[in-house]
Amino acid sequence: MPSSAPSPIFEIRGLSKTYQMGEVLVEALRGVDLDLWEGELVVLLGPSGSGKSTLLNILGGLDCPTSGQVHYRDHDLALFDDTAMTRYRREHVGFVFQFYNLIPSLTARENVALVTEIASDPMTPEASLAMVGLSARLDHFPTQLSGGEQQRVAIARAVSKRPQVLLCDEPTGALDASTGVLVLDVIARVNRELGTTTIVITHNAAIAAMADRVVHFGDGRVVSVDTNAVKKTAAELSW
Amino acid sequence: MKAIDHKLWRDLWRMKGQALAIALVVMCGIGNYIMFLSTLESLSSTQAAYYRDYRFAEVFASLKRAPESLRRRIADIPGVDRVQTRVAVQVRVDMPDFPEPVSAAVVSLPERGVPVLNGLHLRAGRLPAAGRADEVVASHSFATAHRLRPGSRFDVILNGRRQTLTLVGTALSPEFIQQMRPGSVFPDSKRYGILWMGRRSLGQAYNLHDAFNDLALSLDRGASVDDVIARVDALIRPYGGLGAYGREHQISHRFLSQELAQLATLGRLFPAMFMAVAAFLLNVVIGRQVAMQREQIATLKAFGYGNLQVLVHYLKSVAVINGIGIVGGIVLGNWLGRELAAIFTEFYHFPYLSFGVSPGVALEAILASLLAAGLGTFFAVWRAANLRPAVAMRPETPPAYRETWIERIGTKRWLSQPARMILRHIQRRALKSVLTVLGIALACGLILTGLFQRDTVGYMVYVQFGLMQREDLSVTFTDPTAYRARFDLVGLPGVRHVEPYRAVPVRFRHGHLEYRGGIRGFEPGGDIQRLLDADLRPVALPGDGILLTDFLGGMLDVRVGERIVVEVLEGNRPTREVVVAGLVNEFVGVSGYMELAALNRFLREGPTISGAYLGIADGSLPELLSRLRETPRVAGVAERRQEIRNFNRTMDESMLFFTYVATVFSVVIAFGVIYNNAQISLAESGRELASLRVLGFTRGEIAYILLGELGLLTLLAIPLGLGLGEWMCYDIARTMQSDLYRVPVVLEPQTYAFAAAVVLVSAVLSGLAVRRRLDRLDLVAVLKAAE
């Protein structure tokens, strides 16, 4: 492969995750092999319980695999201890959650500043909020913002540290379609303009059309991987 | 068990730490209430029974010498029930194995039978046999301090003549429940005791054969004490009567009454504090529980549970928490009450002190705690019961935050986002924050009230005996003596300094106010005895006029420059007016002070002294004491230094108990308040904190956000608590003000530091307890659920 070609940012080999749930042993991942490339936008698609969230949690440094390897560049995430995990999340990963998880006692600007204050090379909170189109709402508290606006603040907060990876877990799950399109547009723009590797989890197949690649999950395994020859823009999506 | 009760127990089990912390606070409140009020009740009923069973007199009088025939006339006074005439004197005692000066009050017993009033409770042996001049009964504490047993022998100086006495019994008397040397501030059974001897032999020694110098009366039911006193005074005046007084002025009774009043004050103050804290904690914890269980309440109601059932369900959990506290509190109060009663029996001498927790006191305590719990939780529980299911199914409206005023005044740019979060949390729950600060402040103040007596007594002793009465020895003559006796003292070995004094009993009068006390006269410019003003600056004796203890001035409502009437109660008993030339500050007793020569003129006598204060050279004490022992005119010798050392030791021992108890109580409150708040903050912001962990915040950083709020409140509470504690100390001191002693509020810096440290350590421990849970936050779960 030519040197200018993108290198894998995540190399996943034989990844399994089992956990005890009450008295039942749940096999959430059963040997996943997958490479994720720098700068690409990947949608993980699958029904609930298919293992896509577990994979995202492991990639985000929130959970450890039971067996197998996950390499983030040169590092094996499976070997990270709690401190290393925290450092990894702090410096390399941006999270966007289904329920936004904004801090209610902080304004939009301050929610972003929360992250920029502990990051090593951040954007200004104002710049990152401008990117998501919220320059006019800097000093509003979460309760004063609509759901879509809150999710855009969450995206601004996630990308303000210039992460290598942006992980979005059902980012439009709590939004109506037209607001959801707005949010997806922002995610696509971040991916395009900052070159951030972006992984979006969804069970909404319509969203898959905006991805570079679509990974289908089922029963703890990768069922298939599709590559979109032509990506749609968010505005072209509908559901 | 019903299913809903299973839920109750499991809910309680889940919040067991918090429930226990609250139960402990309730327990301390009940324990305090029971300790103070049961001790009060036990002491009061013991006092009443003792007074009744041993016929404690109601009116007392001393006089110079009256023939026994006067007894009949006194008995004929309307309203007088029984009359006991006695001989009572102060003597020097020589204990064989104890070189230091010892003195005693000797009170006569009838030759036959038991005294009609002020009976003795024999602890060992018997009363002196009729006609046995050498037999004596000693107060039990004195005998114990010197290990005297029936058969032990020791010498007393009776009217200047040495006499060897044989102990035949030890006893207690309702007249001497508190045994203190006149003019002393602390009981010291080794250096002061009470002795009882046959009337005839004691009378003969003091030329009081068929005569008496002391009188005790009991009254008919409904008789007027003032009326009897006036008639008794009229009868004894020609015989050198010093003025009769009622029981409320009897010294032992007064000390005991004062102590009981103090118990009653503390018995209201401390339990009220604990109950208030318990009410606050229940309010916070149950309020939080109801908020967290909105959906459960909705579900219960959807299935047909009524408002009342929901109400009862939550009240039950309050009742269980309170019930644990009540049971523990009764056990604790019983134990502490016994300890406190034991301390009282050290200082007071009762034949029996049956400590018991009366059902009445326990019931009051329980009702008070239930009332507090009800007040604390009613609103939250009521709200839960009346929640409409459809409303309850929806999540609670998210809290609305604002910028705090601290940020608005321009400090915002220096505040990190976590710091802003802390401030906004505090502001949003302003009332809870204020109550939290108050609760922690109470904990802090409580310690000061437990420790201030130690500092204060140390200060009182320092001022009274380090700055004012600085003698090594004080010598009292048997009778007022010519001034030249002073030179005999100067000539004794080791005596470096002699300051003679004249002391005389008087009645002060100003308008309708009067007080029975004494005047002391010193030579001006003395170095041993000094009078001080409120700022501890020496006050010079006026050439003319009188200085009064400021408290006495207040009792007589007299200002500097005004005149008071002084009625001398000795000798030829002149009554004259004198100008109040100034007020002096004293903590122990009250008195009038005059220049010695002026007092002699006032009494229309030549240069006369009653005794002297001595400063002596180191190491000269033993020889000096043995020389003084051989001086018949010396009625008593008191050594101050040793007395103070002993006192400090006793004080340290009993204060250790109070320090320990106050510290434990304070830790319970501080821990209860801080731990519960931390738990609730964790429950309220768990999701937020987990989100921050996901965003890359470390455990330390989120602990800072959670515990920083409590840390800040604790830091605010400490200075407030120190101020509050000081105020409570002043309040307690105010109730202890009397002519016997005034308690200044003195708090040493290390006491403040200790109080602050106890609260800080409690805060840190509470923080660590919650921090453990913080470390186990489930990061994944919190992201999945909606708020």
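**Notes on a cavity and a strand**

1. The lining of the second largest cavity divides into six charged, three polar and three nonpolar residues. Here Asp, Glu, Lys and Arg count as charged, Ala, Val, Leu, Ile, Met, Phe, Trp, Tyr, Cys and Pro as nonpolar, and the others, Gly among them, as polar.

2. Before going on: this is a predicted model, where local features need pLDDT of at least 70 and side-chain atom pairs count only at pLDDT 80 or more, while totals for chains, interfaces and linings use all residues. Residues are numbered from 1 along each chain as its sequence is written, and chains are lettered from A in the order in which they are written.

3. The second largest cavity holds about 110 Å³ of space. A cavity is a set of points on a 1 Å grid over the protein atoms alone where a 1.4 Å probe fits but cannot get out, and lining residues have an atom within 4 Å of a point. Among the lining residues are B:His425, B:Arg428, B:Glu684 and B:Glu709. α19(B) gives the largest share, five residues; helices are DSSP runs (H or I, at least four residues) and strands are too (E, at least two).

4. Now to strand β7 (residues 153-158) of chain B: five of its six residues are buried, so the strand is largely enclosed by the rest of the structure. Buried means under 20% relative accessible area (1.4 Å probe, protein chains only).

5. β7(B) runs antiparallel to β8(B), joined by six bridges, and B:Arg153 stands opposite B:Thr166. Three bridges join β7(B) to β3(B), also antiparallel. Strands pair if DSSP finds at least two bridges between them.

Conventions
Side-chain values use heavy atoms; hydrogens and water are left out. Buried means under 20% relative accessible area, exposed over 50%, partly exposed in between (1.4 Å probe, protein chains only). On a 1 Å grid over the protein atoms alone, a cavity is a set of points where a 1.4 Å probe fits but cannot get out, and a pocket is an open set with protein on both sides within 12 Å along at least five of seven lines; lining residues have an atom within 4 Å of a point. Grid points are joined across faces, edges and corners, and a volume is the space filled by probe spheres set on the points.
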